[in-house]
Amino acid sequence: MSQQKLQSNPRGIPASPFVERVEDYVSAEEPVEVVLKKFQEAIRKVLEEKIPEIEKTIAMVDLLTEKKDNQEPLYTDFELNDTLYAKAKIEPSDSVYLWLGANVMLEYTCEEAKELLTSKLETAKTSRKNTLEDLEFLRSQITTMEVNTARVYNWDQLGKILGIIGAIFLAHSAYSTYEHLAYVKAVDEEDASVPIEIAVECLVSSFVALLGVILSADSFKHIDMTDEIQKM
């Protein structure tokens, strides 16, 4: 799990990985609970990754403001590349540069930057809350529609199953009637009436088969005489 990266769509929403072999994801070092937690974090990451970034930027603006008020320089390390850092001395300043995205960077005063970042933080939190609520609602609706689809499918299959069962028992009652009449003819009995159990089986199987046909048949369609005449 830790060695596999989740793909994402053009908007950065991570895709759910397909687990072909569970043992590739679950191990003694990473039990089921840990793997499930990572899956959930991967899906929620896209909604929450902006908030910590904005909070860190606000903290840095506050630090620069504090250094400016005390007229103290700020000593820090800045990244030259992935493995190389250099020390830097930042003199007190009343302005900062904020990266707005799309290769755009603007200069703001510390107060303006703090106000802008605070507004963006509140917007990000509201957006995350609304998105999570919408996702939960959509998940519930998808589950409901899947249950509805399964129930409709099972209802259609029920009609077909009843039709098949009714046809089988109807054929059995017909065969039983034939066997009974053949037996009566062989022993030369005068009473050739069909036994009550065969008659009941015939009636019940006919009813079951008819019910199956009714349940599995399509709804009646409206017939327009004008359309029928045009087809002739």
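1. Two strands are taken to pair if DSSP finds at least two bridges between them. The structure considered here is a predicted model, and the points below should be read accordingly. Strand β3 (residues 95-101) and strand β4 (residues 104-109) are joined by 6 bridges and run antiparallel. Together β3 and β4 form a hairpin with 2 residues between them. In the turn, A102 has a positive phi of about 55 degrees. Within this pairing, W99 stands opposite M105, a residue of β4.

2. A further hairpin joins β1 to β2, here through 5 residues. Strand β1 (residues 74-79) and strand β2 (residues 85-90) run antiparallel, with 6 bridges joining them. Two facing pairs may be inspected: E79 stands opposite Y85 of β2, and F78 has A86 of β2 as its bridge partner.

3. How do helix α2 and helix α3 pack, and at what angle? Helix α2 (residues 50-70) packs against helix α3 (residues 110-187) at an angle of about 160 degrees, and their axes are 10 Å apart. Angles over 145 degrees count as roughly antiparallel; α2 and α3 are therefore roughly antiparallel to each other. The crossing in which α2 passes α3 is left-handed.

4. The contact between these two helices can be followed residue by residue. From α2 it is made by I51, I54, E55, T57, I58, V61, D62, T65 and K68. From α3 it is made by C110, E111, A113, K114, L117, T118, K120, L121, A124, K125 and R128. By class, the residues of the contact of α2 with α3 comprise 9 nonpolar, 3 polar and 8 charged.

5. Helix α3 also meets helix α4 (residues 196-216): their axes come within 7 Å and cross at roughly 155 degrees. By the cut-off of 145 degrees for the antiparallel class, α3 and α4 are therefore roughly antiparallel to each other. The crossing of α3 and α4 is left-handed. The residues of the contact of α3 with α4 divide into 11 nonpolar, 12 polar and 3 charged.

6. Which residues does L215 touch, leaving aside residues up to four places away in sequence? L215, which is found in helix α4, touches W155, G159 and L162. The C-alpha atoms of L215 and L162 are separated by 8.8 Å, although the two residues are 53 residues apart along the chain.

7. The unreviewed UniProt entry carries the annotation "transmembrane region" for residues 161-178 and 198-217. In the model, residues 161-178 are 100% helix and 0% strand, with the end C-alpha atoms 26 Å apart. Residues 198-217 are 95% helix and 0% strand, and the end C-alpha atoms of this span lie 28 Å apart. The annotation comes from the record, whereas the helix content of residues 161-178 and of residues 198-217 is computed from the predicted model.

Definitions and conventions
Residues are numbered from 1 along each chain as its sequence is written. This is a predicted model: local features need pLDDT of at least 70, side-chain atom pairs count only at pLDDT 80 or more; totals for chains, interfaces and linings use all residues. Side-chain values use heavy atoms; hydrogens and water are left out. Axes are lines fitted to C-alpha atoms, for helices over the stretch in contact, and angles run from 0 to 180 degrees between N-to-C directions. Helices (H or I, at least four residues) and strands (E, at least two) are DSSP runs, numbered from the N terminus. Angles under 35 degrees count as roughly parallel, over 145 as roughly antiparallel, 65 to 115 as roughly perpendicular and the rest as oblique. A crossing is left-handed if the near helix is turned anticlockwise from the far one by less than a right angle, and right-handed if clockwise. Contact means heavy atoms within 4.5 Å. Ala, Val, Leu, Ile, Met, Phe, Trp, Tyr, Cys and Pro count as nonpolar, Asp, Glu, Lys and Arg as charged, and the others, Gly among them, as polar. UniProt positions are given in the numbering used here, feature names are shortened, and annotations may be inferred rather than shown by experiment.
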